[in-house]
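Q: Could you take a close look at one part of this model for me? I'd like to know what sits around it and how it ties in with the rest.

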Amino acid sequence: MTGKVFGLGLGPGDPELVTVKVVRLINTAPVIAYPRTQHGESFVREIAKPYVPSSAIELPLDTPMAIDTAVAQAKYDEHAELIAAHLDAGRDVALLCEGDPFLFGSFMYLYDRLADRYEVEVVPGVSSITACAAAAGLPLCSREDILTVLPGTLPEEVLERELTQTSSAVIMKVGRHLPKIRRVIEKLGCTGGATYVERALNPGQRVVPLARLTDEVAPYFSVILVFRDTD
Ligand SMILES: C[S@@+](CC[C@H](N)C(=O)[O-])C[C@H]1O[C@@H](n2cnc3c(N)ncnc32)[C@H](O)[C@@H]1O
């Protein structure tokens with residue numbers, strides 16, 4: 001019998017926001033795999049800390065930042081085979097994912113490589129989208145509002161086009177794209193309805209109206225919530 005892969009959403013950072021099901025699966029899976037940066041850090045392993053049993057076999061996966069290079073793709077091939085070796089030996093593998101596994105998660109690259117060969121179960125987690133809305137106290141959408149999710153990495157004209165067509169938007173992956181995103185929001189006259197959220201529901205959380213944000217660059221864990229006056 002081959003093992004099964006569990007893609008587990010660990011939520012935005014607070015261990016209390018990990019679901020009961022994810023805790024159970026972390027406790028029972030013999031192998032715990034998780035992405036790790038080139039500096040040897042793993043945010044998601046930190047979230048799981050209270051739940052990982054000392055008996056677990058740990059499989060840190062050194063994960064590249066860029067996904068579209070041949071080097072990065074080769075890395076994902078390598079990770080899939082590391083996981084497959086455990087599955088072939090009959091061991092289940094719990095793969096820890098920050099937020100939700102199917103929302104901009106590197107889990108997807110492993111899912112693509114494993115799901116046609118092995119049984120995979122995906123367990124959703126609290127995403128940064130809902131975490132940021134909760135942190136800011138800003139309801140995302142209601143009635144017939146349209147909510148759009150945009151990566152801040154998009155070209156300026158695409159951001160502008162998409163923002164023009166929605167009632168509210170969550171702009172993720174802000175980072176060094178902050179000046180570009182701010183320019184688009186200002187051009188559309190939406191600065192008053194925009195809120196910057198950094199490290200939502202984590203120590204060091206910041207919620208700042210975009211109009212008052214003086215930073216030029218944002219850290220990795222940040223989003224901008226935009227509410228347009230569409231009435
Ligand atoms: C690669 S995506 C992963 C998203 C994750 N799978 C999810 O469900 O939220 C990383 C982006 O999510 C956003 N993000 C994740 N956690 C966050 C947090 N606690 N506060 C603010 N933004 C966060 C940031 O925009 C970051 O650049």
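A: Leu 225 touches quite a list of residues, leaving aside those up to four places away in sequence: Cys 132, Ala 133, Ala 136, Leu 138, Val 170, Ala 194, Thr 195 and Val 197. Keep in mind that this is a predicted model. Leu 225 itself lies in strand S10, and it counts as buried because 22 other C-beta atoms lie within 10 Å, where 20 or more are needed.

Now go from Leu 225 to Ile 185: they are 40 residues apart along the chain, and their C-alpha atoms are separated by 11 Å. Ile 185 is one of the buried residues of helix H7 (residues 178–187), along with Leu 178, Ile 181, Arg 182 and Val 184. These cover an arc of only 160° around the axis, so they end up on the same side of H7. What do they pack against? Helix H6 (156–164), strand S7 (168–172), strand S8 (194–198) and S10.

H5 gives the most, with three residues. The shell draws at least three residues from each of domain 1 (5–123) and domain 2 (128–227). By class, that's twelve nonpolar, seven polar and four charged residues. Of the 23 residues around the ligand, the ones that come nearest are Gly 99, Ser 127, Ser 128, Met 172 and Ala 200.

Notes
Residues numbered from 1 in each chain as written. Predicted model: local features only at pLDDT ≥ 70, side-chain atom pairs only at ≥ 80, totals over all residues. Near = placed C-beta within 6 Å. Helix = DSSP H or I, 4+ residues; strand = E, 2+ residues; numbered from the N terminus. Nonpolar A, V, L, I, M, F, W, Y, C, P; charged D, E, K, R; others polar. Domains from an automatic or database assignment. Buried ≥ 20, exposed ≤ 12 C-beta atoms within 10 Å, placed from the backbone. Arc of directions from axis to C-beta. Contact = placed C-beta atoms within 7 Å.
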